Amino acid sequence: MRKQLTAPSILLLVTLIAGGTNAFYSPSDGVVELTTANFEREVMQDDAIWVVEFYAPWCGHCQSLVPEYKKLAKAVKGVVKVGSVNGDENSSLSGQYGVRGFPTIKIFGANKRTPTDFNGQRTGKAIAEAALAEAKKKVQAAFGGGSSSSSGGSSSGSNGDVIELTEDNFDKLVLNSDDIWLVEFFAPWCGHCKNLEPEWAKAAKELKGKVKLGALDATAHQSKASEYNVRGYPTIKFFPAGSRRASDAQEYNGGRTASDIISWASDKHTENVPAPELLEVTDEASFDAACEGKPLCVVSVLPHILDCDAKCRNKFLDTLRTLGEKFKQKLWGWAWAEGGQQPALEESLEVGGFGYPAMAVVNYKKMKFSVLKGSFSQDGINEFLRDISYGRGHTAPVRGAKKPEIVNAQPWDGKDGQLPTEEDIDLSDIDLDDIKDEL
């Protein structure tokens, strides 16, 4: 029974019979035939960006690529040069560039010695976009600026909140820092990456100061992408604070909208933020340590130790520490003082006069404060602080419109209070006649 030849088989047969060195393309196609003899002169010594296909005449996928590759050559004529290498006849050239299969497409950009592999869709348009991205990088480098691309996660945002990462700066910026990072590995031709770009930029702006967002062009920095086992685009990796090795990276498993990214990263940020230290105000230095430079400072005034023993006081302090942990992502300061020890502080925040314990939240930058009106309990304080975090609640100006005077006081020793004994009372300065007159 006679077998009928298919179209690809006929094309392959014609190619083998023709035996030409570059049977796929003619000079009119705009594809330059490259060989071991002319490659250095045509590509390496030329300032132009080159797209080069390594093919084999017997390769079916190479034959399928021919019409798209011709479209590419015509579309980028005068902007990017397009060439082809018969890998069978120029095996040394194929070996030099690590060609393992056909077709292999490489883009020779600004750094001709390290071309990038094109791993996208085998269409003329997709290849053209990747080549034009390389051309854009070369132009920006000439002007002294960092490269960016039209892909998702690039650092081309107007505010520069997305940080461009490369093989040269990745370890320094990401692994050798104590910051929290989300890193997108993208490809310039990737449609999903392009869809992610505006969301990534919005998230970077919102998370600024909490979590850093970076982007690495995996096609231009393949060794780094390979190090992190990047198999598709976009791939997002999370680097916890203090990451020092590639193995510290974790997979991002959230959504791809700005709100999804912000929510996911905020949760991670909260996990890495230590609980604030609850400081007793005993002098100006301790007050500054608690409140200086903080967006808000939560100031509590607790009963005197003679009115509330160690067990009672520790219960209040435990409540404050629990709430400090809950609201730690706000980066507020937390301070407390014993009632009556810091009169100027109490007066400036209008607390203490109606009894202890009392609480006020103060913004020393704006010189505004708000007083807890509800119960000094975990639920009462939680509701008060939640309203504060949403910008609700009545505020008043700090009395005197300045930081209050803080006096030196003995810090609490953690023990119950003791009434003074007769030996502790110095009677030498007491005028008994004055006492009698008063009586």
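The largest cavity in this predicted model is lined by I107, T116, D117, F118, A130, E134, P188, W189 and T219. A cavity here is a set of points, on a 1 Å grid over the protein atoms alone, where a 1.4 Å probe fits but cannot get out, and lining residues have an atom within 4 Å of a point. Two elements each give two or more residues to that lining, namely β5 (116-117) and α5 (124-142). Helices (H or I, at least four residues) and strands (E, at least two) are DSSP runs, numbered from the N terminus.

As a predicted model, it has local features given only at pLDDT of at least 70 and side-chain atom pairs only at pLDDT 80 or more, while totals for chains, interfaces and linings use all residues. Residues are numbered from 1 along each chain as its sequence is written, and side-chain values use heavy atoms, with hydrogens and water left out.

**The chain as a whole**

- The chain has 14 helices and 16 strands.
- Of its 439 residues, 44% count as buried, where buried means under 20% relative accessible area, exposed over 50% and partly exposed in between (1.4 Å probe, protein chains only).
- Take the contacts (heavy atoms within 4.5 Å) between residues at least 6 apart in sequence: 74% of them join residues at least 24 apart.

**The cavity**

- The structure holds one cavity of 30 Å³ or more.
- The volume of the largest cavity is about 40 Å³; grid points are joined across faces, edges and corners, and a volume is the space filled by probe spheres set on the points.
- Sorted by class, its lining has five nonpolar, two polar and two charged residues.
- In this sorting, Ala, Val, Leu, Ile, Met, Phe, Trp, Tyr, Cys and Pro count as nonpolar, Asp, Glu, Lys and Arg as charged, and the others, Gly among them, as polar.

**The sheet with β4 and β5**

- An open sheet of five strands runs in the order β1-β3-β2-β4-β5, with mixed pairing; two strands pair if DSSP finds at least two bridges between them.
- At its edges are β1 (32-34) and β5, each of which pairs on one side only.
- Strand β4 (residues 104-108) pairs with β5 in the antiparallel sense over two bridges, and I107 has T116 in β5 as its bridge partner. Both I107 and T116 also belong to the cavity lining.
- Strand β2 (residues 50-55) is joined to β4 by five bridges, and the two run antiparallel; here V51 stands opposite I107.
- Five of the five residues of β4 are buried. T104, K106 and F108 point one way and I105 and I107 the other way.
- In a regular strand the side chains alternate between the two faces of the sheet.

**The sheet with β7 and β9**

- Another open sheet has five strands in the order β6-β8-β7-β9-β10, again with mixed pairing.
- The edge strands β6 (162-165) and β10 each have a single partner strand, so one side of each is left without a neighbour in the sheet.
- Strand β7 (residues 181-186) and strand β8 (residues 212-217) run parallel and are joined by six bridges, with E184 opposite A215 in β8.
- Strand β9 (residues 235-239) pairs with β7 in the antiparallel sense over five bridges; K237 in β9 is the bridge partner of V183.
- Two bridges join β9 to strand β10 (residues 250-251), and these run antiparallel. F238 has Q250 in β10 as its bridge partner.
- Both faces of β9 are covered, with T235, K237 and F239 buried on one side and I236 and F238 buried on the other.

**Helix α13**

- Helix α13 (residues 378-389) has 12 residues and reaches 16 Å from its first C-alpha to its last, close to the expected 16 Å, a span defined as 1.5 Å times one less than the number of residues.
- Its buried residues are G380, I381, N382, F384, L385 and I388.
- What covers these buried residues of α13 includes β12 (297-302), α11 (310-326), β13 (333-338), β14 (358-363) and β15 (368-371).
- Just after α13, G391 takes a positive phi of about 80 degrees.

Definitions and conventions:
On a 1 Å grid over the protein atoms alone, a cavity is a set of points where a 1.4 Å probe fits but cannot get out, and a pocket is an open set with protein on both sides within 12 Å along at least five of seven lines; lining residues have an atom within 4 Å of a point.
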